[in-house]
Amino acid sequence: MKHKKIEWEDNYSVGNVELDRQHQHILQLINEIVELLNQTEPSKEVMSRLMRLYEVAQQHFYFEEIYLSRSDYSDLKSQQKSHSAYTDHVLQLMSDGVSNAENRNALISFLLEWWNNHILIEDMAYKGHLEQV
Ligand SMILES: [Fe+2]
């Protein structure tokens, strides 16, 4: 089953230009990986894109945690917890590889679900907080 590209929408904004820019970069990488996985024979490019997403996400988490900690965000702990859960999961998926359809589907589901949970739910939770600082 082919997955459509996720388009950035204004309501994905958390109200901070730098965090939005990082989220847009993450979304772009997710789209590129899903696009590569939609092909019948995914190329090696998938793994290098996934590695890039991993690095970009690590930098983003680091920035986000510092930013939230400096602004005294009360739910920082749950952000840190989910960032580390994401990190563990993506490392597992990278070591599983994408040589069979089951792994490819698991990777697509993970990326799409992560986008929805990370940005649209977990990060939206701090939007109101940032507006007040
Ligand atoms: Fe984020």
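Predicted model: local features only at pLDDT ≥ 70, side-chain atom pairs only at ≥ 80, totals over all residues.
Helix α1, spanning residues 17-38, packs against helix α2, spanning residues 45-70, at an angle of about 160°, and the axes of the two helices lie 10 Å apart. Because angles over 145 degrees count as roughly antiparallel, α1 is assigned as roughly antiparallel to α2. The crossing of these two helices is left-handed. On the α1 side, the contact includes Glu18, Leu19, Gln22, His23, Ile26, Ile30 and Ile33, while the residues they meet on the α2 side include Val46, Arg49, Leu53, Val56, His60, Phe63 and Glu64. By class, the contact of α1 with α2 comprises 14 nonpolar, 4 polar and 6 charged residues.

The iron ion has as its protein donors His23 and His60, each through NE2, Glu64 through OE, His118 through NE2 and Asp123 through OD, at 2.1 to 2.2 Å from the ion. Along the chain, these donors follow the spacing H-x36-H-x3-E-x53-H-x4-D. Distant parts of the chain are linked by the pair formed by histidine 23 in helix α1 and histidine 60 in helix α2, which are 37 residues apart. Both histidine 23 and histidine 60 are buried, and both also belong to the contact between α1 and α2.

Serine 71 is located in the loop between α2 and α3, the latter comprising residues 76-96. With a relative accessibility of 13%, serine 71 counts as buried, since the cut-off for that class is under 20% relative accessible area. When residues up to four places away in sequence are not counted, serine 71 touches His129, Leu130 and Val133.

Methods:
Residues numbered from 1 in each chain as written. Heavy atoms only, no water. Axes fitted to C-alpha atoms, helices over the stretch in contact; angles between N-to-C directions. Helix = DSSP H or I, 4+ residues; strand = E, 2+ residues; numbered from the N terminus. Parallel < 35°, antiparallel > 145°, perpendicular 65-115°, else oblique. Left-handed = near helix turned anticlockwise from the far one by under 90°. Contact = heavy atoms within 4.5 Å. Nonpolar A, V, L, I, M, F, W, Y, C, P; charged D, E, K, R; others polar. Donors = N, O, S within 2.8 Å, 3.2 Å for Na, K, Ca; no water. Buried < 20%, exposed > 50% of the residue type's maximum accessible area, 1.4 Å probe, protein only.
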